[in-house]
Amino acid sequence: MTAAARTGAEEEVRARLPDVAALAEALDAVDYLADPGLATAMFLAVRLPQPLLLEGEPGVGKTEAAKALARVLDTPLYRLQCFEGIDAAEALYEWNHPRQLLGIRLAEARGAPLDEDDLFGPDYLLRRPLLQAIEHRGPRPAVLLLDEIDRADAEFEAFTFEVLAEAAVTVPELGTIRAAHPPVVVLTSNRTRELHDALTRRCLYHWIDYPAPERVAEIVRRRVPGSAEPLAVAAAAAVGRLRSLDMAKPPGIAEVIDWVAALSILGVERLDTAAVEASWGSVLKNRDDQELARTRGAAWLADAGHG
Amino acid sequence: MADTRIPPVAAGPLAVGLTTALHRAGLPTTPERAAGLARALQLVPAVDRAALYWTCRVALVTDRAQLPVFDAVFSAVFDGMLDAADNRGDPTAPPPIGSEPRTRPVPPDSRPSTPGASQGTPGTAGGDDGGEEGEREVLLAAASAEERLHSTSFADLTPEELGQVRELVRRLVLSTPERRSRRTRPTRRSGDRLDLRRTVRAAHRSGGDPARLVHAQRRWQPRRLVLLCDVSGSMEPYTRVYLTLLQGAVAGAHAEAFVFSTRLTRLTRQLALRDTDQALARAAEAAPDWAGGTRLAEGIGQFVSGHGRRGLARGAVVVVLSDGWAQDDPEEVAEAMRRLHRLAHRIVWVNPRKAAPGYAPLVGGMAAALPYCDAFVSGHSYAALEQVVEAVREDVRRR
């Protein structure tokens with residue numbers, strides 16, 4: 001069964017995504033610009049299928065990539081934000097205990113007979129993202145995003161992968177729930193700790209680089225619809241310059257988007273010294289970094305793009 | 001484009017060939033990965049070099065640090081092949097591999113590119129087999145001859161004595177203060193919240209009546225321990241002993257270990273081996289700037305902006321082992337320490353020169369760093385290292 005499952009994706013997915021170029025175009029259509037490397041990685045993740053581990057600096061669009069993929073496949077995205085100490089009850093399922101207690105009391109008050117099976121039925125099950133993704137009815141597989149997997153501990157990592165490899169969950173009271181459409185799995189990591197070999201072994205891997213200024217400008221123009229093109233280009237170049245300094249928190253694409261959005265609301269159309277002075281806070285979110293940039297001056301940040 | 005089409009090669013042999021070449025170059029590739037690549041190549045036909053490159057990279061690489069080696073091997077394998085084909089000097093060829101924009105140098109925590117490093121991480125759990133009792137026994141057995149071992153500075157010991165001391169140091173148990181974890185354990189005493197799941201399960205026994213309430217109590221977990229060891233020339237008499245300390249901490253307390261002289265190198269992986277000598281040899285291989293000059297601000301700064309900010313240092317106990325003789329601007333050292341201090345729970349500074357008569361941390365890097373340290377100890381001899389153990393265990397911040 002597993003051998004057969006690995007020979008490729010379902011017919012419908014194959015028809016929707018015949019090759020890498022088709023996926024890149026579809027991503028473009030939902031306003032996510034993927035370079036060939038990322039498009040290849042996502043294509044293989046869907047078609048092989050195999051989980052995809054995305055790494056990269058904060059703010060290069062790791063989470064966005066999974067969201068865009070879900071939009072392309074036109075399926076729901078189930079997102080599990082990992083944190084230290086996350087356990088099965090928060091990831092998979094939990095019985096709704098208060099409701100069970102209430103059920104018992106109600107049955108007693110009415111004098112109705114109550115079976116244990118009544119209490120441990122689907123109605124009393126709280127479904128968490130992992131189970132939701134496995135139970136997804138189709139017609140195409142859901143996208144399951146395990147965000148910041150490095151924050152969870154190693155035991156949880158192993159547990160998750162067991163569930164995903166089987167594509168089935170056993171709830172003792174209900175029996176085994178098997179996925180009709182095993183989800184497309186995307187993991188992201190910020191490298192706060194080294195991931196377990198067993199995990200990296202099972203995943204495709206892609207490192208997302210910070211894109212070139214032109215591409216940043218293009219992304220910004222798509223994400224901030226009302227923004228003037230020269231402004232987006234100048235802001236992307238300015239952030240590129242900021243990133244050349246030794247920053248505690250180098251601004252990412254998210255900061256460029258915030259910045260351009262802020263400037264647009266302020267009615268700014270060209271990035272000049274005054275505009276920079278007014279909006280330090282939306283691009284640099286760390287006091288030390290702001291001081292460092294201020295010593296270079298607002299003019300340095302605003303002007304170099306034009307001359 | 002027929003021009004850039006690579007010669008038709010069956011996916012299987014291609015995958016195996018490339019995987020073997022990568023394995024020889026020291027990347028941890030497996031037959032499983034080769035099979036994965038072969039399947040991937042069936043889905044993404046290698047119409048040109050870029051397509052082939054991305055497919056191979058996504059399927060074979062498992063860590064960003066492997067990219068330079070991968071790029072080099074890929075280029076060596078396929079450029080030769082492409083040259084043999086009919087597209088020699090094709091101006092429309094895709095960009096040379098490895099030329100994609102890279103915003104930062106590859107982090108120094110790369111696995112060493114030696115073939116021996118490709119085996120998996122050996123288990124680190126239970127590495128503290130000596131345990132505290134073993135240590136105590138050793139201490140009780142300390143005779144007068146060993147008194148000298150304990151109190152003499154590492155710099156003045158003979159090589160044999162140094163070997164004995166390293167054996168003692170290996171058994172030192174570093175344990176950090178505890179913090180509350182998000183995980184809970186059941187308790188009968190009333191805690192901050194009710195464990196409904198267990199209460200209901202217990203209620204089944206009493207006919208659905210929750211006669212006994214089970215509370216949930218937060219568990220306690222030791223804080224993370226991070227050790228940054230200066231391995232510059234001036235620290236030379238001490239580094240071998242300190243590395244043994246690092247190795248013991250990595251194996252026993254799951255610590256993270258880094259060394260720096262002109263730049264920072266992460267050694268956790270290398271030091272995780274059980275065999276001390278092999279681990280140290282591997283560590284020496286991984287850090288090329290051994291016994292170089294000291295760039296204190298650079299080393300600490302790199303740690304904070306790289307690993308530290310991503311979460312390694314957050315709430316951790318950070319131990320810096322350095323004599324504080326730095327070439328860089330004290331102002332920069334202060335800046336790096338300020339940033340580290342904001343992230344870490346406690347900073348313990350171990351300076352072997354502190355024990356020298358007349359030493360006072362008045363100038364340079366040490367003076368700049370001192371305001372941000374929660375403990376300042378000497379650690380120049382085995383006896384003094386116990387202060388280090390004490391300082392790591394202590395749970396008070398100075399400010």
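Close-up 1. Strand 1 and strand 3 (residues 215-222) of chain B run antiparallel and are joined by seven bridges; strands (DSSP E runs of at least two residues) are numbered from the N terminus, and a pair requires at least two DSSP bridges. The open sheet has three strands in the order 1-3-2, paired antiparallel. Strand 1 (178-187) and strand 2 (193-194) of chain B each have a single partner, so one side of each lacks a neighbour in the sheet.

Residues are numbered from 1 along each chain as its sequence is written, and chains are lettered from A and ligands numbered from 1 in the order written. In this predicted model, local features need pLDDT of at least 70 and side-chain atom pairs pLDDT 80 or more, while totals for chains, interfaces and linings use all residues.

**Close-up 2. Chain A meets chain B.** The contact (C-beta atoms, placed from the backbone, within 7 Å) takes 35 residues from chain A and 35 residues from chain B. Helix 4 (36-47) of chain A, a DSSP run of H or I with at least four residues, gives the most to the side of chain A that touches chain B, with seven residues.

**Close-up 3. A:Met42 belongs to the largest nonpolar core.** This core (buried Ala, Val, Leu, Ile, Met, Phe, Trp, Tyr and Cys residues joined through C-beta atoms within 7 Å; buried means 20 or more other C-beta atoms within 10 Å) holds 116 residues. Beyond neighbours within four places in sequence, A:Met42 contacts A:Leu23, A:Ala34, A:Leu52, A:Ala65 and A:Leu69.

How values were computed: Two residues are in contact if their C-beta atoms, placed from the backbone, lie within 7 Å. A residue is buried if 20 or more other C-beta atoms lie within 10 Å of its own, exposed if 12 or fewer, and partly exposed in between; C-beta atoms are placed from the backbone.
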